[in-house]
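Subject: Structure handover

Hello,

Here is the structure for you to look over. Please open it before reading on.

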Amino acid sequence: GLLGRVADGLMQLQEERRAVDSDTAAKIDVFVSRLHRYTRGEDLPWTLIVDDPSGNSFVQNPRAPEEDTNLQVSHYVRSQTQDASLGLVKEEDKKGTSSRI
């Protein structure tokens, strides 16, 4: 799942990182251990916040078609910075007021 992929990504080049920045590597090791505990259900409860200004994220409901009582969805209006990072603001409007495309 998601947490496993995050852990795998963090462990990439970890040996090289240990050689050049052992403090950061040690912090990553601790964090990856925590991720593994979360995936095994040993460290409960925990919260995952997915902030996706593009709205393209999907979180699977393991109880479908029943409601997932552990899932909370919040919708919000994107900021001008988020619109710009998504390419939704005209170039000339980046310096002034926002104008969505």
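Below is what was found in it, from the whole chain down to single residues.

**Overall**

Please note that this is a predicted model. The protein chain has 101 residues, of which 13% count as buried. It contains four helices and zero strands. Read along the sequence, the pattern is α-α-α-α. Take the contacts between residues at least 6 apart in sequence: 26% of them join residues at least 24 apart.

**The largest pocket**

The volume of the largest pocket is about 1,400 Å³. Its lining comprises 32 residues, and those closest to the centre are Leu48, Val50, Val59, Leu71 and Gln72. Which helix gives the most to the lining? That is helix H1, residues 2-11, with four residues. By type, the lining of the largest pocket splits into 15 nonpolar, 11 polar and six charged residues.

**Asp29**

Asp29 sits in helix H3, which covers residues 22-39. Is Asp29 buried, exposed or partly exposed? Asp29 counts as partly exposed because its relative accessibility is 24%, and that class lies between the cut-offs of 20% and 50%. Leaving out residues up to four places away in sequence, Asp29 touches Met11, Gln14 and Arg18. With Arg18 there is also a polar contact: the two side chains meet at 2.4 Å. Check that distance when you prepare the model. Asp29 and Ala7 are 22 residues apart along the chain, and their C-alpha atoms are separated by 9.3 Å.

**Asn61**

Asn61 is placed in the loop between H3 and helix H4 (80-85). Neighbours within four places in sequence aside, Asn61 is in contact with Glu66, Glu67 and Asp68.

**Backbone geometry**

Most residues other than glycine have a negative phi, and most peptide bonds are trans.

- Leu44 and Pro45 are joined by a cis peptide bond, with omega about -10 degrees. Pro45 is in the loop between H3 and H4.
- Ala64 and Pro65 are also joined by a cis peptide bond, with omega about 10 degrees. Pro65 is in the loop between H3 and H4.
- Leu13 is not a glycine, yet its phi is positive, near 60 degrees. Leu13 lies in the loop between H1 and helix H2 (14-20).

Is Leu13 buried or exposed? Leu13 counts as exposed because its relative accessibility is 58%, and the cut-off for exposed is over 50%.

Best wishes

Methods:
Residues numbered from 1 in each chain as written. Predicted model: local features only at pLDDT ≥ 70, side-chain atom pairs only at ≥ 80, totals over all residues. Heavy atoms only, no water. Helix = DSSP H or I, 4+ residues; strand = E, 2+ residues; numbered from the N terminus. Buried < 20%, exposed > 50% of the residue type's maximum accessible area, 1.4 Å probe, protein only. Contact = heavy atoms within 4.5 Å. Polar contact = N/O pair within 3.5 Å; in protein donor to acceptor, adjacent residues only side chain to side chain. 1 Å grid on protein atoms, 1.4 Å probe; cavity = no way out; pocket = protein on both sides within 12 Å on 5 of 7 lines; lining within 4 Å. Points joined across faces, edges and corners; volume = space filled by probe spheres on them. Nonpolar A, V, L, I, M, F, W, Y, C, P; charged D, E, K, R; others polar.
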